[in-house]
Amino acid sequence: MAPPRLQLHGITKSYPGVVANSDVSLEVLPGEIHAVLGENGAGKSTLMKIIYGVVKPDGGTIAWEGRPVTIANPARARRLGVGMVFQHFSLFETLTVAENIALALEPDRAGPGLSERIRDVSAKYGLPLDPERHVHTMSVGERQRVEIVRCLLQDPKLLIMDEPTSVLTPQAVDKLFETLRRLAAEGCSILYISHKLDEIRALCHKATVLRAGRVTGDCDPRRESSSSLARMMIGGDLPHPRHREAQAGDAALVVTDLSLPADDPFGTTLTHVNLTVRAGEIVGIAGVSGNGQQELLAALSGERPVPDAATIRIAGKAVGRLDAGARRALRFAFVPEDRLGRGAVPEMSLADNALLTAYREGLVAHGFIRADAVREFAEATISAYGVKASGPDAAARSLSGGNLQKFIVGREIRQRPRVMVAAQPTWGVDVGAAAQIRQALLDLRDAGVAILVVSEELDELFEICDRLAVIAQGRLSEVKSVRDTNAEDIGMLMSGSFITPGTESGHQYSPAGAI
Amino acid sequence: MLTLLKFEARPEPSRVAGWISPLLAAGATLIVGFVLFTAMGKNPWVAFHAFFVKPVATLYGVGELLLKATPLMLIAVGLAAGYRANVWNIGAEGQLTMGAIFGGGVALALQESTSPLLLPLMLVMGVAGGVLWAAIPAFLRTRFNANEILTSLMLVYVATLTLSLLVHGAWRDPEGFNFPQSKMFGDAAMIPILLPETRLNLALPLALAVVALGWLFMRKSLWGFRMRVAGLAPAAANYAGISAKRTVWTGLLIGGACAGLAGVTEVAGPLGQLLPSVSPGYGFAAIIVAFVGRLHPVGIVFASLLMSLLYLGGESAQINLALPSAVTGLFQGTLLFFLLAADVFINYRLRVKRPRAGGIPA
């Protein structure tokens, strides 16, 4: 029997104050699709970086096809036959596909004939790609294809995929899985990193579960249930939110025929967006990122005021031209998709970050900051939302993404809003915290708040929303009750199917994400 | 394999390094100074004595030290409010000059006045002059997005040439033997002396009060907090509804007000009249003071004293050791350089790293 393609034994890596990996062992066979499952911060990424030579382990051994090796750098990893598709792409937007791929290859492989080989490989694996296209004109799904083809051109024996589906439509995910299965059938091993249990059960032959840097289980995911995997991953059962029927009231947030030109060359133009969110309901907007979500959110929050005041109304008041502060005064709350630098000031303490938007909650008297009240507000938010932090003095940047997100969500909710807009509320947040955030949003809804959630996670939207719409190429689809639609319909809409041909499109990208 | 020194970001700014870094800078400056003065053929200990001890060996010297520190701390605390908010007012020298013109103009217009209200009126007009001059770059920035670094700097030259025009022309003392200077101000237009036998006047307590106000504003008021947010994370400021225009206006006008006040206290203090030049570059030196003081009001007080000592020490070294002014300038620059450079250790630490051979992550 052939030796395992990759064998890790006792891998340990610690950073100041954190043990990222502790005594991790794992074995990947040729042609095996092996899942590495774990919550955010469980040590998955560190482990992959060790395999790819980006990070040096403190201890442990790595064996490649039975022989012990030291992977000193990514070039060495590539020579061994390890390819990695990162969660965040490393492509130059102003270069073509072929130029981007040539940059990553060994010089002897990057010469003439590269475009031909790109076409061959992409055709063989069902990843259509034009080598001469510029990356900036491509959708996220297409960019991921570039990354995958780039790896495949190096004839990898082991392909590492880091959360590859977070940017794809459900249909695109199916296509990706077909490609991966074909690769595995040809003998390529695949390490598949994810926290999405359904995907792992559908795709992978074997799973190694990490929790807090340690292996907590090895299993065949095809024989496990989602809840048994979740137990290994979080050490408990997946919390399920209580979802009651919505008691929708008056329209609280109304967008009427909002059209807005893109403010940068790679932005998206919003075209005739109409939307109503009523008190006591959650409306969700699905879509592949880069289809106008950012522009719509900036227009709603007041970070980018719009010329016609009446296109956006909060509780009946035309607010289009008001800035974010004036809209907050109408009890409008907003959780942005970027936490550090937008939702929170990285260098400032949690107390100061509470003051950032919650200063109307009695935290200021006669223009002067009431330091005690600010600390109290921050402390109450920390304890009410289970934020893991040393206290109100901890700098925002010292918190993990999920914990900071809980703090920001908590800060916004505790301002007793009338309208709440949340963008990617659980992006990068671990399963337990995500459930807590969703529950908080549902509780807020039941208290009569109008909530708009913009998310790329369809599961999340179906779990918490009462009504759903899809944004594609800067246009918003019809809003449907979640009972009258399903993931497949929404997936079709996400690729822009609702846009009637012939209408002028302000979008720069081709139809998004259709692998 | 090569070993390399590498700066690594600290997770939190180090408090210890905050205290050690000025000592480190002082040590490094002394070493460089030792080499420098020895190479010049001077006894370094005598040179250090001339620089740091001799200027403050007498009560008069201490008075001069505080006198020169006054405008520096006044201007620096105003600039720091703007710098914290990423508003880069480089034109304090011009705003100071405008303050001197406005305040001095009042003194000249009401030359015979003995009213106790004359001096307060001059101070108010001085502030108004500085504010007005700073309002120009603020308007240009918020209306046309013109870079305030360039506009405020260019306005320095407009201000100093305006002053020059006045003292060469309309405001020249007719009995001044054609010297380009105004009449001396009346007694009521002069700031009272604080310490007898020195030139130190009541501008010092005034400046300290402004520093305290600056601290209160930046550290305790919501407005000041929002200025700091705007400086640290502009996207977060926009998200929280902090107006970028208001931040620019506030940052520039506070700087202009403080510089204008410093201008009028100079002409109503040690100078007593308007001259073609009313400042040896306080407006520019205050930029360094603000940063050496780490943009913190208390730090600025210490930094302004140090800067003032360097001014006096440079003169003293030139007189006592016959050192060329370029050398004293070099030595002053060395100290300021090390002070700012050593502050790197507050946010970074040195690590010995073995570089990995080749390879870029794909």
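The model is predicted. Its largest nonpolar core holds 266 residues, and domain 1 (6–234) and domain 2 (251–494) of chain A both give residues to this core, so it lies between them.

**Nonpolar cores**

- Within the largest nonpolar core, the members that touch the most other members are Ile160(A), Ile75(B), Ala76(B) and Val289(B).
- Helix α3 (residues 59–84) of chain B provides the largest share of this core, namely 14 residues.
- Because domain 1 (6–234) and domain 2 (251–494) of chain A both contribute residues, this core is placed between the two domains.
- When neighbours within four places in sequence are left aside, the contacts of Ala76(B) are Ala286(B), Val289(B), Ala290(B), Gly293(B), Ile300(B), Ala303(B) and Ser304(B).
- There is also a second, separate core of 6 residues, and among its members are Phe37(B), Ala47(B), Ala50(B) and Phe51(B).

**Domains of chain A and their contact**

- The domain assignment divides chain A into domain 1 (6–234) and domain 2 (251–494), and the C-alpha centres of these domains lie 32 Å apart.
- Domain 1 of chain A brings 16 residues to the contact, while domain 2 of chain A brings 18 residues.
- On the side of domain 1 of chain A that touches domain 2 of chain A, at least two residues each are supplied by α5 (140–152), α6 (170–185) and α8 (226–234) of chain A.
- The largest share of that side of domain 1 of chain A, 3 residues, comes from α8(A).
- Sorted by class, the side of domain 1 of chain A that touches domain 2 of chain A consists of 6 nonpolar, 9 polar and 1 charged residues.

**Overall form of chain B**

- The secondary structure of chain B comprises 14 helices and 2 strands.
- Along its principal axes, the C-alpha trace of chain B extends over about 80 × 60 × 35 Å.
- Of the 362 residues in chain B, 48% are buried.

Notes:
Residues are numbered from 1 along each chain as its sequence is written. Chains are lettered from A and ligands numbered from 1 in the order in which they are written. This is a predicted model: local features need pLDDT of at least 70, side-chain atom pairs count only at pLDDT 80 or more; totals for chains, interfaces and linings use all residues. A nonpolar core is a set of buried Ala, Val, Leu, Ile, Met, Phe, Trp, Tyr and Cys residues joined through C-beta atoms within 7 Å. A residue is buried if 20 or more other C-beta atoms lie within 10 Å of its own, exposed if 12 or fewer, and partly exposed in between; C-beta atoms are placed from the backbone. Helices (H or I, at least four residues) and strands (E, at least two) are DSSP runs, numbered from the N terminus. Domain bounds come from an automatic or database domain assignment. Two residues are in contact if their C-beta atoms, placed from the backbone, lie within 7 Å. Ala, Val, Leu, Ile, Met, Phe, Trp, Tyr, Cys and Pro count as nonpolar, Asp, Glu, Lys and Arg as charged, and the others, Gly among them, as polar.
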